[in-house]
Amino acid sequence: MITESYKPKLLWLQSITCNGNTHSFLNHPNLFSILSHFEIMHHPVLEGAYTMDDVIKGTVACDVLIVEGSFTETKFLKAGVEVSSLMKIYADKAKHIISAGTCATFGGIFKQKDPENISGFCFDLEEKTSRYVQYASKLISLPGCPVHPKWLSYVLLMIANNTKINIDNLHRPVELYGYTVHTGCTRNEYFEWKIDAKNFGLKEGCLFYEQGCQGPYTRGSCNKILWNDTSSKTRVGTPCFGCTEPNYPQESLFRTKTNMGIPAKMPLGIPRRAYLILTGVAKSFKIKRFSEKLLEYDK
Amino acid sequence: MKIADKKALKRESIIQTALQLFSSNGFHKTTIPDIAAKLHISVGNVYNYFSSKNILAQEIIKYTSEALGEKIQVVNMSDASAEEKIHEIVMIYFTMSKEKPEMIEYFLRVYLSNRDVFTDGCDGMVCVSGFITEIMIFFDDAVSSGELRNQDFFSAFGLFMGYLGGMVFLKGEDVLPKEIEFYIDDISRNIYNALKAE
């Protein structure tokens with residue numbers, strides 16, 4: 001059980017970032033309840049016990065380090081200090097390191113600027129960086145562009161409760177990333193029967209065949225733990241961009257790459273031959289219900 | 001031999017016999033008693049394996065599709081280039097049309113000509129997926145490797161298989177002046193040239 005006798009000291013540090021993960025977490029409906037289990041030492045936008053000047057000195061205590069943004073070893077400074085060296089000070093102190101977002105985890109969008117030198121904190125795409133060995137035992141990866149606020153709160157509360165978090169080989173919590181984004185998508189019937197969505201924003205049709213949806217091979221629980229407790233990209237008719245994956249961002253996010261009509265990338269772990277046999281059979285039937293509008297609104 | 005194995009053998013012998021009779025005499029002119037007589041078994045025994053002539057006809061198209069698909073799968077799993085694979089597939093198709101003409105004849109003269117027999121149970125690609133799937137995999141690999149031009153599946157499929165089917169049909173009509181093997185190289189080249197990446 002969570003006890004109030006000692007609050008872990010939480011430090012949120014940014015590297016090369018758009019602040020997206022910071023802002024995403026602010027959307028958590030129970031933000032302050034969650035943070036009440038921690039002593040906030042410093043946070044980019046919330047009130048903390050110490051200023052950035054204090055942090056730069058390297059003297060602030062830290063139990064839980066949240067890192068946000070991509071990394072480069074040199075030439076990215078804050079207040080005249082290399083961010084990489086600042087991170088090292090606090091990563092060494094921390095009992096837990098959370099890489100919040102795809103940039104901090106794998107390199108993400110900012111890696112596009114300088115692919116040779118910019119990476120995630122402990123991973124460069126799926127490859128381990130030199131930091132990995134030192135920090136692996138306390139690392140939790142939370143990719144996402146941005147990270148879902150409830151994925152971050154899940155990890156924080158597990159830490160506050162001193163509960164072990166089961167992780168996969170890229171240090172992602174399996175409770176959150178054991179699923180694909182396809183799991184729980186409201187369009188699953190259309191996927192099963194291979195009915196294309198004819199456009200974006202429609203309720204009918206699956207976005208995997210033409211509109212670029214990466215949900216069937218992207219790990220994440222966006223359709224299980226909804227965004228803003230309300231919906232998800234795929235539910236509203238926008239393709240999943242695969243933003244939690246190590247190779248994010250890919251190109252042509254709104255168009256499915258196909259080879260003679262066959263999706264170039266198969267659903268996660270599904271052999272191509274098995275997929276094509278099922279597809280051929282499913283496409284052989286015309287299901288009337290799926291050719292109709294789900295809802296007809298009064299004009 | 002186990003009973004299950006014996007039954008499987010018997011089932012296959014019924015399929016092969018029916019395949020020959022349907023292909024040579026036509027679907028409607030061939031009866032279950034004809035098939036039973038050729039196999040020296042009772043009519044009732046045939047019905048033990050296939051509850052109707054239509055169901056038998058549907059099982060035969062699955063059987064031929066899978067037989068052809070298995071051969072193309074071997075080609076797909078090889079390291080050959082797309083051009084070489086096209087040659088292999090053309091050779092498989094034409095060789096089968098010569099050595100087991102009933103297999104291809106059945107597709108052309110029974111399956112395509114008696115659609116009413118296949119509508120309920122063999123909708124769309126259901127009974128030919130063993131073959132179609134391997135052609136899909138061939139195209140997918142060849143486009144991924146940059147050897148063939150990306151396009152709609154059916155425009156490529158029609159060019160490839162329509163061509164082969166047409167040639168075997170002409171062979172069946174005894175119109176071709178030469179043995180079908182004679183055409184393998186030219187037809188393979190024609191297909192490759194039509195489909196290759198620009």
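Biologist: Where in chain A is the place of L294(A)?

Modeller: In this predicted model, L294(A) sits in the segment after α11 (272-283) of chain A.

Biologist: What makes L294(A), L295(A) and Y297(A) a nonpolar surface patch?

Modeller: A patch takes residues with over 30% relative accessible area and no salt bridge, and nonpolar side chains are joined within 5 Å. L294(A), L295(A) and Y297(A) make such a patch, of about 330 Å².

Biologist: How do you know that D140(B) and R272(A) form a salt bridge?

Modeller: The cut-off is a side-chain nitrogen of Lys or Arg within 4 Å of a carboxyl oxygen of Asp or Glu. The closest N and O atoms of D140(B) and R272(A) are 3.0 Å apart, so the pair is called a salt bridge. Three salt bridges are counted between chain B and chain A.

Biologist: Which elements of chain B each supply at least two residues of the side that touches chain A?

Modeller: They are α4 (53-76), α8 (129-144) and α9 (153-172) of chain B. The largest share, 10 residues, comes from α8(B). By class, that side of chain B has nine nonpolar, eight polar and six charged residues.

Biologist: How many residues are in contact across the two chains?

Modeller: 23 residues of chain B are in contact with 13 residues of chain A. Contact here means heavy atoms within 4.5 Å.

Biologist: What is the area buried between chain B and chain A, and what share do carbon and sulfur atoms give?

Modeller: The area is about 1600 Å², with 60% from carbon and sulfur atoms. In chain B, M136(B), I137(B) and D140(B) lose the most area to chain A, together 30% of what that side buries.

Biologist: Why is the pair K111(A) and D124(A) called a salt bridge?

Modeller: The limit is 4 Å, and the N to O value for the side chains of K111(A) and D124(A) is 2.7 Å. The pair therefore meets the rule. It links distant parts of the chain, 13 residues apart: K111(A) is in the loop between α5 (102-106) and β7 (123-124) of chain A, and D124(A) is in strand β7. Over all chains, the count by this rule is 23 salt bridges.

Biologist: What is phi of K194(A)?

Modeller: Phi of K194(A) is near 60°, a positive value in a residue other than glycine. K194(A) is placed in the loop between α9 (188-192) and α10 of chain A.

Definitions and conventions. Residues numbered from 1 in each chain as written. Chains lettered and ligands numbered in written order. Predicted model: local features only at pLDDT ≥ 70, side-chain atom pairs only at ≥ 80, totals over all residues. Heavy atoms only, no water. Patch = residues over 30% accessible without salt bridge, like charges linked within 9 Å, V, L, I, M, F, W, Y side chains within 5 Å. Areas by Shrake-Rupley, 256 points an atom, 1.4 Å probe, with all protein chains shown as cover. Helix = DSSP H or I, 4+ residues; strand = E, 2+ residues; numbered from the N terminus. Buried area = accessible area lost by both parts, 1.4 Å probe. Nonpolar A, V, L, I, M, F, W, Y, C, P; charged D, E, K, R; others polar.
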